[in-house]
Amino acid sequence: MRRTFCALALALTLALVCAGCSSTGAEADAGAVEVPELVRAPNESTQPNQLEVSLEAREARKSYISGPSTAVWTYNGTVPGPLLDAKQGDELVVHFHNSLPEETTIHWHGVRVPAAMDGTPRMQDPVPPNGTFEYRFTLKDPGLFWFHPHVRSDEQVEKGLYGVVRVGGSDEPTSDRESILVLDDVNVMPDGSLPTYLDDESKMLGRQGKTLLVNGAASPILHWRAGSLDRFRIVNVANGRFFNLSLPGYTWRVIGTDGGLIPEPYDTERLLISPGERYDVLLVVHGEPGTRVTLVNEPYERGHDTGKEDPMPVADFIVTGEAPLSGRVLPQGFPKLERLQDGTVDQRLVLNEDLHNGELVFTINDATFPDVPLIDVPAGSMQRIEVQNDSKMDHPFHLHGTFFQVLTTNGEATAPERLANKDTVIVPQMSTLKLAARFDEPGGWMYHCHILEHAEGGMMGEIDVAPLR
Ligand code: C2O
Ligand code: CU
């Protein structure tokens with residue numbers, strides 16, 4: 001109540017003070033930072049159609065909140081790491097150097113790479129401390145992707161090792177502004193440190209923290225202009241937290257997800273994003289100068305009473321004093337996607353949890369990684385994969401190396417407007433999804449729950465696409 005009143009009073013004050021001026025909210029938001037823009041990695045190449053960058057994994061310190069700073073692990077010193085900004089068809093060359101005290105790799109989440117470039121221990125010897133590796137591949141698909149380690153990923157990602165790859169396509173929708181929002185959360189202790197041990201709740205739900213981050217900043221503000229068509233490309237890099245975003249007074253127009261634009265955009269009040277997923281949305285800004293709306297993470301029941309948590313503010317959006325733009329319209333549709341055909345089930349994966357010698361573990365077909373039976377498929381084959389979740393919590397299922405489409409959920413066919421290429425999808429508790437994927441690229445590919453504590457806790461397996469090389 002009080003919050004609402006304050007926000008209202010503030011909005012009114014700002015509207016009065018700032019009518020006609022171009023910067024608003026400066027005094028009112030003393031201390032609050034603008035959502036930081038990701039820093040582009042400079043292109044070291046002079047070749048056309050090539051993005052060549054250097055990435056160094058190294059330790060640094062970061063102030064997430066006021067008080068002592070936090071020891072973090074970074075790419076090139078920042079959390080998030082640099083933005084790799086390329087276009088479809090570009091070759092990406094990454095000179096990677098590991099300055100961390102332990103081994104690591106870079107996995108290109110969602111990017112269709114040759115298996116040897118996928119950064120999983122199955123296909124690449126982890127890069128030792130002071131070691132180097134060159135990643136080199138062509139960016140086949142437009143979209144928003146991200147990168148992170150695939151070694152002890154629950155700890156390494158939590159410490160700050162993540163970054164974004166944006167691949168521009170030929171049919172990008174027009175917008176007045178495009179912002180990338182990288183969502184995360186951290187549990188900062190009074191001495192600034194992040195907990196090193198895994199308590200029972202973190203084992204169960206994945207590490208969660210009370211401090212929500214947008215591009216590494218806690219409770220930032222974002223100024224936007226009335227009438228403008230704003231595009232947001234959102235990725236959830238948190239270990240365990242699901243983001244369920246609402247922006248009061250607005251409806252999200254979803255235009256894309258993991259594998260790029262979708263043929264039929266749709267509207268939703270709540271944008272639910274599990275760890276690993278991406279969403280691409282458009283909004284037309286409205287309101288008087290100074291109008292403030294709070295982006296809220298609404299509770300969502302993913303198991304163990306998470307639905308009873310309080311809503312949490314993520315960021316405040318404030319309308320600037322600039323003259324409103326007019327005539328902006330939301331797009332209705334994009335080029336068709338080839339719909340993968342349904343068929344008989346080729347592979348069945350049952351997700352569950354179990355106790356092994358008193359330890360909570362997460363299982364696939366009753367086994368834990370690396371004992372989950374290997375799946376062999378021929379290159380070029382289409383596979384229908386049934387993923388059945390027998391546990392009382394949601395698991396975001398992630399597949400490497402190819403996109404999949406969700407054919408059915410509990411036997412019900414996916415609505416035409418939800419047809420999308422995905423690499424990560426929520427398998428709700430006690431539910432079954434049927435997926436279709438074509439495996440074109442030979443090699444070994446991993447699949448796992450993207451709650452990283454679940455993956456490291458056993459819920460991970462491998463698909464070998466023959467011939468392996
Ligand atoms: Cu984003 Cu196998 O991971
Ligand atoms: Cu899981």
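## Core around F397

Leaving aside residues up to four places away in sequence, F397 is in contact (heavy atoms within 4.5 Å) with L349, V387, F404, D423, T424, V425, V427, L435, Y447 and H448. F397 and Y447 are among the residues with the most contacts inside the largest nonpolar core, which has 62 residues; such a core is a set of buried Ala, Val, Leu, Ile, Met, Phe, Trp, Tyr and Cys residues joined through side-chain atoms within 4.5 Å. A second, separate core of 33 residues includes L181, V214, W224 and L295.

This is a predicted model, in which local features need pLDDT of at least 70 and side-chain atom pairs count only at pLDDT 80 or more, while totals for chains, interfaces and linings use all residues. Residues are numbered from 1 along each chain as its sequence is written, chains are lettered from A and ligands numbered from 1 in the order in which they are written, and side-chain values use heavy atoms, with hydrogens and water left out.

## Domains 2 and 3

Domain 2 (50-168) and domain 3 (347-466), with bounds from an automatic or database domain assignment, belong to the division of the chain. The side chains of R122 and E462 form a salt bridge at 3.4 Å, N to O, the term meaning a side-chain nitrogen of Lys or Arg within 4 Å of a carboxyl oxygen of Asp or Glu.

Terms used. Buried < 20%, exposed > 50% of the residue type's maximum accessible area, 1.4 Å probe, protein only.
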